[in-house]
Amino acid sequence: MRTSWQSRLSSSLFALPYTICFALFMLFPIGYGVYISMHDFELLSDEHKFVGLSNYIEIFKVGSYLNTEFFHGLWHTIQFVLYSVPLLLLVGLGLALLVNRLPARLRGLFRTVYFMPFAISASVMAVIWLMMFDTNAGFINSLLQKIEIAPVPWLTDLPWAWLSLVSTTIWWTVGFNMVIFINALNEVPEDYYEAASIDGANAWQKFKGITLPSIRPVMLFVLITSTIASFNIFAQPFLLTRGGPGDSTKVLLMNVLDEAFKGKAIGSASAMAITMAIFIMLISLVQYRLANAGKEQQDA
Amino acid sequence: MRKSNTFIIAILAVLIAVIFLLPLVWMVSTSLKNDFEALSGQMHFIPKKLTWDNYKQGLNGELMNVPIVRWISNSLVSGIAGTAIVLLIDSMAAYALARLKDLPFRRTLFAMFIASLMIPGILTFLPMYMEFNKFGFINTYYALILPYSGGAFGVFLLYQFYRSFPKEIEEAARIDGANKWRIYASILIPSSIPVLVTLGIFTFMGIYNDFVWPLYVTTSPEMRTITAGISLMATGSYTQSYGKLMAMTVIATLPVLLVFIVGQRSFVKAVTQSGIK
């Protein structure tokens with residue numbers, strides 16, 4: 001169907017404002033980032049020498065400064081991902097199952113309570129927990145003191161620092177996963193369970209045989225979104241442990257931003273950022289593939 | 001058997017709820033203590049010496065000598081303006097993509113917008129900083145408002161709604177002589193108010209709560225947002241002034257918690273629609 005140019009023009013005008021914003025604040029920055037990463041780009045200088053891929057090569061050259069910054073940071077980030085993602089999934093699903101087994105009139109209330117911390121800003125969340133975890137005056141150590149347990153250096157020693165970062169993250173964001181799981185659980189047809197009951201299935205069999213397979217796509221969605229979110233960890237170590245003890249919780253994003261704003265080296269920082277982004281996208285792709293391969297195997 | 005099961009589950013739910021609420025209750029309680037009591041390590045939920053000083057000083061700018069009221073205003077201004085822009089341009093674009101089949105490059109545009117949803121924020125953070133630096137927008141409201149307008153989440157959310165909107169109503173209006181602008185303004189927008197509210201809450205909370213970007217693009221005290229300001233206070237020389245810090249976090253949290261509780265239902269809906277279907 002051909003329409004008049006006037007009609008095509010007016011249709012374009014609707015899409016134009018967003019498309020301009022998209023071009024300015026999404027598309028252009030992506031391209032500009034690649035450009036910057038290929039230059040010796042100093043934050044405060046106007047001269048930018050073209051250096052090709054050398055910033056990227058530095059990242060992968062064993063023993064170089066950028067190599068250490070990138071891979072130490074990445075390793076700390078990966079540690080956080082490995083500790084937090086399984087818990088974000090399991091606790092999220094657990095809370096959803098719990099809320100769904102409550103009497104109907106209590107569900108909304110408890111869902112709201114578990115979801116509430118999600119409404120809080122990262123910086124507020126971190127400051128609250130800074131106080132909770134304070135070694136001398138913090139709530140948690142005061143509580144432990146009552147049952148005569150010596151103060152724990154929650155933010156300044158391992159493994160406590162990781163434990164603190166992971167538990168604050170769960171407190172802060174697990175409600176989001178729970179809400180998604182509650183929705184998924186509610187969409188499982190009730191008659192599946194009734195049929196299974198007639199066949200004499202117990203609760204665990206029903207969970208394994210009906211619930212888990214039914215919410216599989218949602219599990220995958222939560223797995224991928226939680227993994228991406230955990231890879232982007234910044235606020236918690238930035239404000240709570242400040243990367244410590246030593247640099248053992250200094251995650252990759254902290255190193256990228258330090259390289260850019262403390263080191264004033266935007267070029268190499270951009271190369272780090274792009275490498276990190278590619279890494280995150282690859283991980284989600286692999287997760288997606290693996291989960292789908294597993295599904296085909298199950299279907300076969 | 002059934003009854004006792006429910007009872008155990010309810011007890012468990014309450015225990016977990018206590019753990020979730022405790023840090024928030026403690027935040028409020030600490031904000032009503034003087035710094036001495038806040039650091040005493042005693043566990044009084046009701047302060048021994050209840051004081052409103054932290055709030056009073058906060059609101060008249062004496063607290064830590066920082067303009068908290070200004071910070072809150074900056075957050076509210078950027079949150080509200082940013083949300084208004086997103087609602088307007090996203091609904092227009094979603095209407096064009098979903099209903100106006102003669103839009104040039106319709107498929108290409110849609111594919112690009114959707115693909116951008118998968119891009120990690122760090123990819124655009126530094127170049128956007130340099131871009132705003134070049135425009136001379138660092139430390140201005142432009143930097144606190146504009147970057148959020150490039151996100152495609154709202155376009156995607158509204159696209160799904162507008163695509164399933166019945167054709168007949170639109171056609172009847174067209175026969176009555178309504179043009180695209182009329183159809184957009186007097187049929188699609190009114191019918192999508194719930195989705196727009198949802199998107200509005202989502203966007204407002206996202207902008208209001210963001211702190212890394214505002215932290216780097218504001219350089220003077222009067223341009224800080226409340227979240228950036230708090231993180232500076234917490235890493236600066238006021239690390240352990242918990243009474244004062246908590247008064248600030250309470251003030252910072254109130255607007256967004258209010259939005260969250262009032263709009264919770266549609267917020268939950270937004271979360272569940274955000275990518276599963």
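**A cavity and a helix pair in a predicted model**

Good morning. About 50 Å³ of space lies in the largest cavity of this predicted model. The count of cavities of 30 Å³ or more comes to 1.

Which residues line the largest cavity? From chain A, the lining includes Met131(A), Ala137(A) and Phe139(A). From chain B come Trp26(B), Thr30(B), Lys33(B), Glu37(B), Ala38(B), Gly41(B) and Gln42(B). Two helices of chain B, H1 (2-31) and H2 (35-38), each contribute at least two residues to this lining. Sorted by class, the lining holds 5 nonpolar, 3 polar and 2 charged residues.

I turn next to a pair of helices in chain A. Two packed helices are described by the angle between their axes and the distance between the axes. For helix H3 (residues 65-101) and helix H12 (residues 252-262) of chain A, the axes come within 7 Å and cross at roughly 150°. Angles over 145 degrees count as roughly antiparallel, and H3(A) and H12(A) are therefore roughly antiparallel to each other.

Where do these two helices meet? On the H3(A) side, the residues are Tyr65(A), Leu66(A), Glu69(A), Phe70(A), Gly73(A), Leu74(A) and Thr77(A). They meet Leu252(A), Asn255(A) and Glu259(A) in H12(A). The residues of this contact divide into 5 nonpolar, 3 polar and 2 charged.

Finally, the annotation. An unreviewed UniProt entry assigns "domain: ABC transmembrane type-1" to residues 74-287 of chain A. Over residues 74-287, chain A is 77% helix and 0% strand. The end C-alpha atoms of that stretch are 18 Å apart.

Thank you.

Definitions and conventions: Residues are numbered from 1 along each chain as its sequence is written. Chains are lettered from A and ligands numbered from 1 in the order in which they are written. This is a predicted model: local features need pLDDT of at least 70, side-chain atom pairs count only at pLDDT 80 or more; totals for chains, interfaces and linings use all residues. Side-chain values use heavy atoms; hydrogens and water are left out. Axes are lines fitted to C-alpha atoms, for helices over the stretch in contact, and angles run from 0 to 180 degrees between N-to-C directions. Helices (H or I, at least four residues) and strands (E, at least two) are DSSP runs, numbered from the N terminus. Angles under 35 degrees count as roughly parallel, over 145 as roughly antiparallel, 65 to 115 as roughly perpendicular and the rest as oblique. Contact means heavy atoms within 4.5 Å. Ala, Val, Leu, Ile, Met, Phe, Trp, Tyr, Cys and Pro count as nonpolar, Asp, Glu, Lys and Arg as charged, and the others, Gly among them, as polar. UniProt positions are given in the numbering used here, feature names are shortened, and annotations may be inferred rather than shown by experiment. On a 1 Å grid over the protein atoms alone, a cavity is a set of points where a 1.4 Å probe fits but cannot get out, and a pocket is an open set with protein on both sides within 12 Å along at least five of seven lines; lining residues have an atom within 4 Å of a point. Grid points are joined across faces, edges and corners, and a volume is the space filled by probe spheres set on the points.
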